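Dear colleague,

Please find below the structure that I am handing over to you, followed by an account of what was found in it.

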Amino acid sequence: MDISRIFNQVLVLFFIMIVGYVARRKGIIEKSLNKGITELILNITLPFMIVSSFNYEFSKEMLLNAAKLYMISLVLHLSLVLISKYIFYKYDENEKSVLRFAIIFSNCGFMGYPVVESVFGKIGIFYAAIFNINFNIFIWTIGVMLFNSKGEKQNFKKAFLNPGLISVIIGLILFIFSIKLPFAIQKTLEMVGSTTTPLSMIIIGSMLAEVEFKKLFNDKKLYYITFLRLIVVPLITLTLLKLLNYSSFLLGIPVLIMAMPAAANTALFAEKYQADTNLASRCVF
């Protein structure tokens with residue numbers, strides 16, 4: 001895909017985000033609506049989009065690429081877990097937990113899927129869903145442990161029973177066994193799933209409308225984590241995968257997802273476990 005097309009696709013996402021920003025500033029989107037649409041995306045539209053993206057005839061090549069992406073994701077996430085332990089050692093525990101979470105977990109859902117879809121199309125969602133399996137598992141295990149070393153039993157259940165992972169499992173079954181859903185069901189999945197990208201961008205724009213931008217530039221920690229999250233991590237990912245002679249999906253999808261800002265869950269987890277919520281909310285943007 002040529003650069004101009006990629007630029008135009010991302011520009012479309014940016015304009016949709018502006019729509020959400022303006023709607024929030026004008027009071028058209030209220031905070032309660034924000035929460036409702038977020039739940040709609042996470043529990044319905046995104047899982048529908050993921051399942052519909054697996055509507056392919058079984059292919060050994062696609063399965064092999066999926067397995068490689070899963071392993072790349074596993075290595076990258078575990079490496080970040082280890083490295084983050086040392087690069088943030090100077091900070092106090094409340095700040096350290098937030099910064100480590102922000103560097104390990106990117107916004108692969110709200111921002112990752114729309115960007116990947118705009119660059120690679122429907123098959124990009126197929127591969128991104130495989131890449132994000134580790135995110136869905138680790139965020140409820142390692143992610144919780146960063147804030148609460150004791151962990152919680154119910155979180156391990158969420159690690160394997162969340163909509164994101166369940167939709168991937170259903171999709172894999174359909175793909176491996178070449179199961180074709182009835183036209184009406186497949187079309188429903190596709191139509192509802194197709195709303196994920198515009199809704200996600202509108203919600204991100206709405207969230208940005210609540211950010212006090214002056215405060216974003218007063219903390220050196222934010223410059224540090226932003227530089228690591230948006231520049232260093234994707235550059236290292238790109239370099240390592242280039243050295244391994246990976247290209248196309250195997251190169252583009254990991255780099256794009258690793259180049260996303262910190263996961264929105266950063267602020268949610270910080271609030272739940274009484275960490276530095278002020279820092280966490282600013283890290284997300």
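A cavity is here a set of grid points where a 1.4 Å probe fits but cannot get out, whereas a pocket is an open set. Please note that the model is a predicted one.

Cavities

By this rule, three cavities of 30 Å³ or more are counted. The second largest cavity has a volume of about 50 Å³. Its lining is formed by Val51, Phe54, Asn55, Tyr56, Leu174, Phe175, Ile179, Lys180, Leu181 and Gln186. By class, the lining of this second largest cavity consists of seven nonpolar residues, two polar ones and one charged one.

The largest pocket has a volume of about 1600 Å³. It is lined by 44 residues, and those closest to its centre are Thr38, Met207, Ala264, Asn265 and Leu268. Two or more lining residues come from each of helix H2 (31-53), helix H5 (108-120), helix H7 (133-138), H10, helix H13 (213-216), helix H16 (265-272) and helix H17 (277-283). H2 gives the most to this lining, with nine residues. The lining of the largest pocket divides into 20 nonpolar, 14 polar and ten charged residues.

The second largest pocket has a volume of about 430 Å³. Of the 21 residues that line it, Met111, Leu230, Ala259, Met260 and Pro261 lie nearest its centre. Helix H1 (3-25), H5, helix H12 (196-208) and helix H14 (220-243) each supply at least two residues of this lining. In the lining of the second largest pocket, 19 residues are nonpolar, one is polar and one is charged.

Nonpolar surface patch

Helix H10 (residues 163-176) gives the most to the patch, with three residues. Phe177 is located in the loop between H10 and helix H11 (183-193). Phe177 counts as exposed because its relative accessible area is 59%, which is over the cut-off of 50%.

Salt bridges

Side chains of opposite charge can pair when their charged atoms come close. How many salt bridges does the structure hold? There are two salt bridges in the structure.

One of them joins the side chains of Lys96 and Glu93, at 3.3 Å from N to O. Both residues lie in helix H4 (residues 93-104), three residues apart, about one turn of the helix.

Lys221 and Glu95 are both buried.

Backbone angles

Most residues other than glycine have a negative phi, and most peptide bonds are trans. Asn245 has a positive phi, near 65°. Asn245 lies in the loop between H14 and helix H15 (248-258), and it is exposed, with a relative accessibility of 70%. Ser248 also has a positive phi, near 50°. Ser248 is part of helix H15 and is partly exposed, its relative accessible area being 45%.

Further residues

Lys157 lies in helix H9 (residues 153-160) and is exposed, with a relative accessible area of 57%. Lys157 and Thr141 are separated by 16 residues in sequence and by 9.5 Å in space, C-alpha to C-alpha. Glu117 is found in helix H5, and it counts as partly exposed because its relative accessibility is 28%, a value between the cut-offs of 20% and 50%. Between Glu117 and Ile72 there are 45 residues in sequence and 20 Å in space, C-alpha to C-alpha.

With kind regards

Technical notes:
Residues are numbered from 1 along each chain as its sequence is written. This is a predicted model: local features need pLDDT of at least 70, side-chain atom pairs count only at pLDDT 80 or more; totals for chains, interfaces and linings use all residues. Side-chain values use heavy atoms; hydrogens and water are left out. Helices (H or I, at least four residues) and strands (E, at least two) are DSSP runs, numbered from the N terminus. Buried means under 20% relative accessible area, exposed over 50%, partly exposed in between (1.4 Å probe, protein chains only). On a 1 Å grid over the protein atoms alone, a cavity is a set of points where a 1.4 Å probe fits but cannot get out, and a pocket is an open set with protein on both sides within 12 Å along at least five of seven lines; lining residues have an atom within 4 Å of a point. Grid points are joined across faces, edges and corners, and a volume is the space filled by probe spheres set on the points. Ala, Val, Leu, Ile, Met, Phe, Trp, Tyr, Cys and Pro count as nonpolar, Asp, Glu, Lys and Arg as charged, and the others, Gly among them, as polar. A salt bridge is a side-chain nitrogen of Lys or Arg within 4 Å of a carboxyl oxygen of Asp or Glu.
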